[in-house]
Amino acid sequence: MIEDDDEIREALDIDEEQLVIPDTLPLLPVRDVVIFPFMIVPLFVGRDRSINAVDSALTKDRLIFAATQKDITDDDPNSKDIYRNGTVCMIMRMLKLPDGRVKILVQGLTRARISKFIQTKPSYIVEISKKPEMEPTGPTLEIEALMRNVKEQLDRLASLGKVVFQEVMMIVENIADPGRMADLVASNLGLKINESQEILETRDPVARLRKVSDHINKELQVSQMQAHIQSQAKDEMDKSQREYFLREQMRAIKNELGDIEDKDEESEELRNKITEAKMPPAVEKEAIKQADRLDMMHPDAAEAGLIRTYLEWLVDLPWSKYTKDVIDLVKAKKILDTDHYDLEKIKERILEFLAVRKLKNDTKGPILCFVGPPGVGKTSLGKSIARSMGREFVRISLGGIKDEAEIRGHRRTYVGALPGRIIQGIKQAGTTNPVFMMDEIDKIGMDFRGDPSSALLEVLDPEQNNAFSDHYLNVPYDLSDVMFIMTANTADPIPAPLRDRMEIINLPGYTEEEKLQIAKKYVVPRQITEHGLTRRLISISDATTRKVISEYTREAGLRNIEREIASICRKVARKVAGGYKSVTSITQKNLHEYLGVPRFIPDDEQKRDEIGVATGLAWTPVGGEILYIEATIMKGRGSLSLTGQLGDVMKESAQAALSYTRSRATELGITEDFKTLDIHIHVPSGAIPKDGPSAGVTMATAIISALTRTPVRRDVAMTGEITLRGRVLPIGGLKEKSLAALRAKMKTVVMPERNEKDLSEIPPDVRKKVKFRPVKHMDEVVKIVFAKESKKRSTGNMKSPKSKPASKKKTATGANKKSRNQPRA
């Protein structure tokens with residue numbers, strides 16, 4: 001405010017009594033400053049009335065009356081908007097600026113008060129009454145002590161970092177008048193307008209100095225608090241403490257400014273969201289309780305952030321938002337048929353649910369579990385179900401999770417706590433009745449943090465999930481309208497209590513014909529589109545696709561087929577990008593140019609009947625597989641060797657097969673002494689562990705073939721466990737095994753008779769191409785599996801078994817030609 005030391009001294013040497021001040025003066029309303037007597041301050045004048053007032057003063061005695069306006073944003077203040085008390089000033093210098101404004105340097109002379117407004121245009125002219133300085137009252141010692149106290153306070157304020165000019169400090173040291181000291185300090189203290197105006201209007205110099213002392217004391221307290229905060233922040237200067245320091249400074253600033261409007265607006269907005277969310281009464285009560293707690297906290301408190309996040313989760317959940325189900329069975333069936341080939345059983349189950357939903361609106365959502373090898377379309381089927389019902393679809397993967405909190409959420413006492421994956425999925429869906437898919441439920445882990453599969457029991461139980469409790473929310477959430485769909489490669493790893501809550505639907509592998517149709521309708525068109533091609537640029541025949549399926553892939557699903565088709569499309573896309581515009585035809589003859597040599601070709605032993613080699617069928621998580629079991633005999637001491645990484649169950653099956661063979665040696669025409677023979681059973685692919693209860697029939701066949709030197713038919717595959725008495729026991733996974741037999745071009749499958757009921761699950765095209773031979777006893781297997789021409793040569797060595805063969809009625813090869821390849825009912 002003050003230009004330099006000489007001007008200050010010159011201002012302080014002016015005697016008020018020598019001034020001749022007229023009763024009427026031009027009025028200069030100033031916006032953001034209060035001018036005190038003996039104060040020199042530059043002003044920028046831009047309003048027309050103010051410029052006219054300056055011009056009027058310069059044409060006379062250069063005197064002008066400066067008064068502060070109450071509202072600094074008012075560009076055209078009237079008489080009511082200007083403080084009555086002000087200062088008579090002298091214009092010391094004037095400079096006109098290029099933009100039309102005027103810069104003046106004024107010096108305060110004496111206090112005065114507006115008596116009345118004489119003129120308002122073109123400038124304010126006011127009549128004033130002088131308010132001369134009052135003589136100090138009170139003991140001289142008290143005044144001296146007060147002045148010293150102000151000086152000391154000013155020194156302490158400067159030492160704490162408050163900006164006080166050194167020239168001001170020097171002048172204050174030399175001032176003996178308390179009134180002038182009060183005016184000088186007040187003008188350099190940076191007070192608010194109303195506080196400075198109050199000091200200006202106080203005529204008693206001692207009272208004025210006391211008010212200035214009070215303001216300095218308040219500034220000292222604020223500065224000491226800042227210094228205290230700074231000293232605490234210096235102890236540990238990591239990131240969190242620096243943030244705390246900044247928040248404390250912001251809080252102090254906001255407290256000084258009274259800035260609490262933002263907090264009120266946030267609280268009101270949050271309460272409106274709570275009302276709009278339409279929560280259940282108990283949940284809304286808890287939300288309001290937490291909102292009340294938040295209002296009582298400082299916005300920068302650590303717990304305030306946790307409560308705010310918790311409330312945001314509550315208001316964002318779809319407590320009362322539902323998707324209306326599309327109860328159009330014809331349209332739903334059309335969507336399911338368009339998206340997926342076959343899978344009639346699953347489609348029928350979805351249509352049944354929609355039919356029940358049409359008759360009864362409040363029915364609970366089903367909990368389905370699709371079990372099948374990779375690539376058979378479990379996840380995409382869930383999307384189609386959601387689309388057919390008109391519901392939102394959300395998917396989470398449970399593979400590898402080991403923490404119970406992944407399902408139930410973390411308690412809010414932990415740093416970074418969040419709701420569980422279930423509540424997160426519901427929020428993502430935006431409705432309370434989505435189709436919720438949980439992939440890889442058979443791959444859930446367990447460790448010291450809990451058992452996620454046990455936490456899922458509440459989620460998947462229709463009697464409990466209407467009040468699911470997430471640890472983070474700590475309020476019940478209704479999951480009864482959610483349609484849960486699980487997927488798994490195998491059902492065995494799923495705990496029994498969890499498996500009991502789900503309706504398991506098996507999706508075994510596809511047949512070659514099914515793969516061809518799926519590839520033709522879905523895979524090939526999708527890959528052509530994704531690679532930027534059209535039917536005019538690439539042509540893949542059905543025969544070529546069939547060759548890709550049979551010679552370049554061997555799987556239950558379709559993922560490798562999709563990769564091979566994508567590989568073809570990439571190579572064609574490269575040609576097209578290089579400028580080739582004609583159609584590229586992919587045929588059986590040129591397929592190797594795009595995919596290389598075939599990866600799967602028949603082995604030598606598959607092309608002829610072998611002695612001691614029997615074809616078994618095995619089940620794996622990715623579908624059925626062909627298993628060749630080899631047996632050979634050699635001179636020895638009657639030992640049995642087993643190789644090929646066999647599990648305990650398969651080893652016991654081999655022992656049972658050998659015991660059966662030894663007990664039936666006479667009937668089977670075996671004349672060798674077992675005590676002088678070593679028998680070695682080997683299952684190829686020795687690096688792969690193998691186990692299971694369905695290899696007994698195959699092992700017995702291989703042993704009998706080796707001992708009788710009788711070849712086994714190469715086109716017959718078999719499965720089944722045997723007892724020591726030769727009974728054939730039932731097995732599982734018949735559909736997967738039959739698909740594996742079809743892929744390996746087997747013509748006959750020998751199976752336990754007690755599995756005959758499972759033939760209804762076998763696709764019709766498989767039953768047409770493969771003959772199923774149900775058997776009850778190992779003696780029936782012997783009659784089927786050994787090559788007919790070889791049996792004729794060994795008739796003299798093999799006696800007929802005592803057990804009766806299965807009647808023609810009970811086999812799948814009856815006399816009726818029309819039903820020769822059809823399964824028995």
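Is F38 buried or exposed? F38 turns out to be buried, at a relative accessible area of 11%; here buried means under 20% relative accessible area, exposed over 50% and partly exposed in between, using a 1.4 Å probe and protein chains only. The model is a predicted one, where local features need pLDDT of at least 70, side-chain atom pairs count only at pLDDT 80 or more, and totals for chains, interfaces and linings use all residues. Residues are numbered from 1 along each chain as its sequence is written, and side-chain values use heavy atoms, with hydrogens and water left out.

Now for the backbone. Most residues other than glycine have a negative phi, and most peptide bonds are trans. F38 has a positive phi, near 70 degrees, and sits in the loop between β1 (24-30) and β2 (40-45). Helices (H or I, at least four residues) and strands (E, at least two) are DSSP runs, numbered from the N terminus. R709 also has a positive phi, of about 60 degrees, without being a glycine. Its place is the loop between α25 (696-708) and β21 (711-712), and R709 is exposed, at 56% relative accessibility. The peptide bond from K121 to P122 is cis, with omega near 0 degrees, and P122 belongs to the loop between β5 (102-119) and β6 (125-130).

Helix α4 (residues 166-174) has V168, M169, I171 and V172 buried. Seen down the axis of α4, these buried residues fall within an arc of 165 degrees, so they line one face of the helix; the arc is that of the directions from the helix axis to the C-beta atoms. On the face turned away from the buried side, α4 carries the exposed residues Q166 and N174.

Then there are the pockets. On a 1 Å grid over the protein atoms alone, a pocket is an open set of points where a 1.4 Å probe fits, with protein on both sides within 12 Å along at least five of seven lines; lining residues have an atom within 4 Å of a point. The largest pocket holds about 1,300 Å³ of space, a volume being the space filled by probe spheres set on the points, which are joined across faces, edges and corners. Its lining takes in 49 residues, with G624, E625, I626, L627 and Y628 nearest the centre. β18 gives the most to this lining, with 6 residues. The second largest pocket has about 1,000 Å³ of space. Of its 40 lining residues, N506, L507, P508, K735 and E736 are the closest to the centre.
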